[in-house]
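Hi everyone, thanks for making time this morning.

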Amino acid sequence: MKRRILVTGGTGYIGSHTVVELQNEGYEVVIVDNLSNSQANVVDHIEQITGIRPCFEEVDCCDYNKLEAVFQKYPHIEGVIHFAASKAVGESVEKPLLYYKNNLVSLINILELMPKYKVKGIIFSSSCTVYGQPDILPVTEKAPIKVAESPYGNTKQVNEEIVQDFVKSGAPVSAILLRYFNPIGAHPTALIGELPNGVPQNLIPFLTQTAIGIREKLSVFGNDYDTPDGSCIRDYIYVVDLAKAHVIAMNRILADKQKEKVEVFNLGTGRGLSVLELINAFETSTGVKLNYQIVGRRAGDIVKVWANPTHANEELGWRADTPIEEVLRSAWKWQEHLRETGVM
């Protein structure tokens with residue numbers, strides 16, 4: 001009998017790629033998603049890729065009764081991967097209560113239900129935003145947590161504390177907190193990828209939409225930062241590499257391989273790329289020229305951050321080593337697929 005995993009937010013960008021990798025590993029997946037930032041047809045595309053249709057329930061994790069009904073309908077769930085959250089930094093500043101409600105209540109509901117239904121462990125989707133602008137680069141898991149720049153970032157910090165306090169209280173669950181750096185790219189089949197509602201908040205979908213003519217031009221926010229070319233530096237990680245880390249982490253929980261009841265891992269490449277370097281790599285790897293302009297700095301932007309992924313490399317045996325050119329080609333292939341299929 002296949003081991004059953006619940007994936008909240010499983011039709012979203014990172015969630016859908018993780019469902020694919022879980023099914024490839026032999027897990028049975030139950031997706032819960034309220035479709036607030038994704039489409040139901042993602043389930044069809046996951047089935048096309050893997051040959052297996054995941055179970056899907058359109059449920060908001062903030063609705064305790066409906067969420068509990070999922071645990072009742074699908075008994076013997078052994079682990080949870082919790083992606084479901086609102087995640088646009090700018091929107092969180094405008095609508096803080098929405099973010100606190102969605103992001104905190106959904107996690108609290110999941111944690112309350114886990115012991116009741118004998119779920120062994122949870123993987124929480126966290127973020128390098130918890131580090132703010134780090135004092136030392138690259139960033140290790142020991143770096144201090146800084147005061148959050150946004151309500152979104154604060155929900156990640158508070159949720160990490162909720163998980164740690166819950167486990168510390170003696171709850172019969174274990175947890176792995178995965179702090180992502182900047183996920184980009186799409187599945188090599190171009191059947192799933194990043195498809196935000198409205199104007200993209202993230203760099204790569206805005207970049208590819210500009211390259212294909214949907215957006216007039218890409219704005220590069222600042223070229224006078226303390227970096228080699230003056231633009232901000234980030235650690236861009238291929239979404240498929242990121243998804244595979246979740247499978248390894250779930251294997252670790254279910255096999256009782258954890259060294260502590262709550263473990264933390266940075267998921268990044270260990271290499272920082274500037275915005276201008278990324279644009280150059282996109283043009284080189286795809287042959288497509290990009291219309292971009294340098295504009296003023298954007299409030300709240302961190303100047304530079306990249307991971308020290310040694311802990312994840314050594315402890316999980318995981319590595320994000322897909323070449324950036326291949327990653328950017330996958331993003332472009334996804335954008336072309338959206339055009340061919342009439343999505344955008």
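Let's start with helix H5, residues 96-116, which lies across E1, E4 and strand E5 (121-127). Helix H5 runs at about 165 degrees to E5. Angles here go from 0 to 180 degrees between N-to-C directions, with axes fitted as lines to C-alpha atoms, for helices over the stretch in contact. Helices (H or I, at least four residues) and strands (E, at least two) are DSSP runs numbered from the N terminus.

A word on ground rules: this is a predicted model, where local features need pLDDT of at least 70 and side-chain atom pairs count only at pLDDT 80 or more, while totals for chains, interfaces and linings use all residues. Residues are numbered from 1 along each chain as its sequence is written, and side-chain values use heavy atoms, with hydrogens and water left out.

Now the sheet. It is open, with 7 strands in the order E3-E2-E1-E4-E5-E6-E11 and parallel pairing; two strands pair if DSSP finds at least two bridges between them. Strand E3 (55-58) and E11 are at the edges with a single partner strand each, so one side of each has no neighbour in the sheet. From one strand to the next, the twist averages 20 degrees.

Zooming in, strand E1 (residues 4-8) and strand E2 (residues 28-33) run parallel and are joined by 5 bridges. Ile 5 has Val 29 in E2 as its bridge partner. Helix H1 (residues 13-24) packs on the sheet, touching E1, E2, strand E4 (77-82) and strand E6 (174-180), where contact means heavy atoms within 4.5 Å. The direction of H1 makes about 165 degrees with that of E2.

On a 1 Å grid over the protein atoms alone, a cavity is a set of points where a 1.4 Å probe fits but cannot get out, a pocket is an open set with protein on both sides within 12 Å along at least five of seven lines, and lining residues have an atom within 4 Å of a point.

How much space lies in the second largest pocket? About 300 Å³, counting the space filled by probe spheres set on the points, which are joined across faces, edges and corners. Of its 14 lining residues, Glu 141, Lys 142, Glu 260, Val 264 and His 311 are the closest to the centre. E11 gives the most to this lining, with 4 residues.

Finally, the largest cavity has a volume of about 60 Å³, and its lining includes Trp 334 and Gln 335.
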